[in-house]
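Hi everyone, thanks for coming.

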Amino acid sequence: MTFSEPDQRFKPGATLEALLQRRNRLLGPAYRLFYDRPVHIVEGRGAWLTGADGNRYLDAYNNVPHVGHCHPRVVEAICTQATTLNTHTRYLHEQVLDYAERLLDRFPAALDVAMFACTGSEANELALRMARAATGAFGIIAVEHAYHGNSQATAELSGVRAAGADGPAHVALVPCPDAFRGAHRGPDAGARYAETVGRAIDELKARGHAPAAFIIDTVLASNGLPRIPGDWLAGIMKHVRDAGALFIADEVQPGFGRMGSHFWGWQMLGVEPDIVTLGKPMGNGHPISGVVTRAELAGAFQKTSNYFNTFGGNPVSCAAAMAVLDVLDEEQLPQRALATGKHLRAGLRALAETHTIMGDVRGSGGFTAVDLVTDRETREPAAAAAARIVNAMRERGVLLGSSGPFGNVLKIRSPLVFDLPEADFLLERLADVLGEVSPEG
């Protein structure tokens with residue numbers, strides 16, 4: 001079925017306007033929707049979504065359905081376990097232990113304990129509590145414009161805040177190490193960005209807070225998937241370790257093989273973390289998340305907290321997560337993501353030869369960014385054009401997002417079943433749209 005062939009099984013139950021009014025009345029105004037003309041979705045299969053109007057959309061945005069929407073292996077695992085047992089970890093059950101063993105096999109031997117929650121926000125908050133318990137400090141260092149969750153603690157350290165909002169005294173933000181648009185771009189860029197962490201530590205101490213941890217999303221997705229200088233993280237670690245702080249690697253977006261060449265994003269940066277956090281892609285969207293760490297850090301946390309999470313690590317979610325690992329291995333999705341990603345980025349770079357709005361194409365595996373500029377020399381971000389392209393692609397049956405502090409970076413982050421035909425479909429539609437959009441939008 002192509003995008004132009006409507007599926008008559010689905011009929012709109014209400015106009016978009018009526019649905020929007022109902023949503024705003026029932027859910028309130030704080031929720032955000034994608035696209036100027038929102039998409040009403042009724043079904044998902046693989047890398048494709050079907051709208052209430054019967055049109056199909058290529059999902060080139062959602063990382064949560066990691067192995068594809070409604071993957072039959074995951075659906076079967078959820079249904080089978082749900083007919084047997086679903087309870088919490090304050091009783092003994094084997095499913096969470098079986099999954100923990102398989103998960104920990106994907107990590108270095110030193111990272112030997114797994115703890116479970118339901119969301120990435122919860123996992124990151126647990127990691128912060130653990131770092132504070134282990135170090136006796138409270139300060140946190142994060143990257144500007146980062147996103148680590150929507151709980152109070154994670155929202156405080158996320159650089160994505162409401163306009164004009166001030167951060168708390170125990171959080172210090174450092175510049176994103178952007179080798180394309182940032183303040184430092186030469187061969188010494190990594191070292192110069194790393195120096196900002198040393199200054200952040202001094203800043204925290206001046207406010208009365210020793211640092212407990214440095215946390216990063218290991219691909220800096222909210223920053224537009226920047227080109228990170230290769231020596232940046234190693235340089236940072238000297239400052240972090242000397243200050244007695246820990247390194248938390250947020251793997252909610254890059255983890256579980258998305259980067260193609262590596263199973264975890266932190267492996268690409270060459271520094272082993274003290275704590276790793278995982279989110280809902282691990283269960284293909286079923287509510288499971290995790291924290292992986294060293295036994296001594298988990299032990300230090302236990303001395304101050306009796307941890308439980310009512311349904312974190314429940315048998316049904318663990319069955320879903322186990323099935324995800326099976327699919328990743330049996331269908332070789334990381335390897336396929338590596339090949340498809342290279343094909344997609346080669347096609348994008350070919351488009352960039354004739355469309356000067358495309359200032360940079362970057363990424364790895366199933367994660368790609370296109371940095372849009374009004375001028376290639378100045379690298380001025382083309383935010384208005386990015387918004388127009390995202391909406392125009394939606395009208396042509398491809399769902400993309402935008403990212404970065406200026407909103408000018410096209411974010412392509414599809415389920416890992418996104419393959420060569422889907423990449424070509426995206427490239428064809430993008431070529432059409434680029435012909436209609438000026439750098440000024």
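Is Cys70 buried, partly exposed or exposed? Cys70 is partly exposed, with a relative accessible area of 43%; buried means under 20%, exposed over 50%, and partly exposed in between, using a 1.4 Å probe and protein chains only.

Before I go on, some housekeeping. This is a predicted model, where local features need pLDDT of at least 70 and side-chain atom pairs count only at pLDDT 80 or more, while totals for chains, interfaces and linings use all residues. Residues are numbered from 1 along each chain as its sequence is written, and side-chain values use heavy atoms, with hydrogens and water left out.

Back to the cysteines. A disulfide is a covalent bond between the sulfur atoms of two cysteines. Here a pair counts if its sulfur atoms are within 2.5 Å, and the whole structure has zero of them. Cys318 is in no disulfide either, with the sulfur of Cys118 nearest at 10 Å. Cys318 is buried, though, at 0% relative accessibility.

Now the sheet. Seven strands make an open, mixed sheet, in the order 4-10-9-8-7-5-6. Strands (E, at least two residues) and helices (H or I, at least four) are DSSP runs numbered from the N terminus, and two strands pair if DSSP finds at least two bridges between them. At the edges sit strand 4 (113–117) and strand 6 (171–174), each pairing on one side only. Strand 9 (residues 275–278) pairs with strand 10 (residues 289–293) in the antiparallel sense, over four bridges. In that pair, Val276 stands opposite Val292.

What about the inside? In soluble globular proteins, nonpolar side chains tend to be buried together. A nonpolar core here is a set of buried Ala, Val, Leu, Ile, Met, Phe, Trp, Tyr and Cys residues joined through side-chain atoms within 4.5 Å. The largest one has 98 residues, and Leu103 and Phe214 touch the most other members. Helix 10 (residues 315–330) gives the largest share, 10 residues.

Last stop: Phe256, in the loop between strand 8 (246–250) and helix 8 (265–269). Phe256 is buried, at 2% relative accessible area. Beyond four places in sequence, its contacts (heavy atoms within 4.5 Å) include His66, Leu103 and Leu328.
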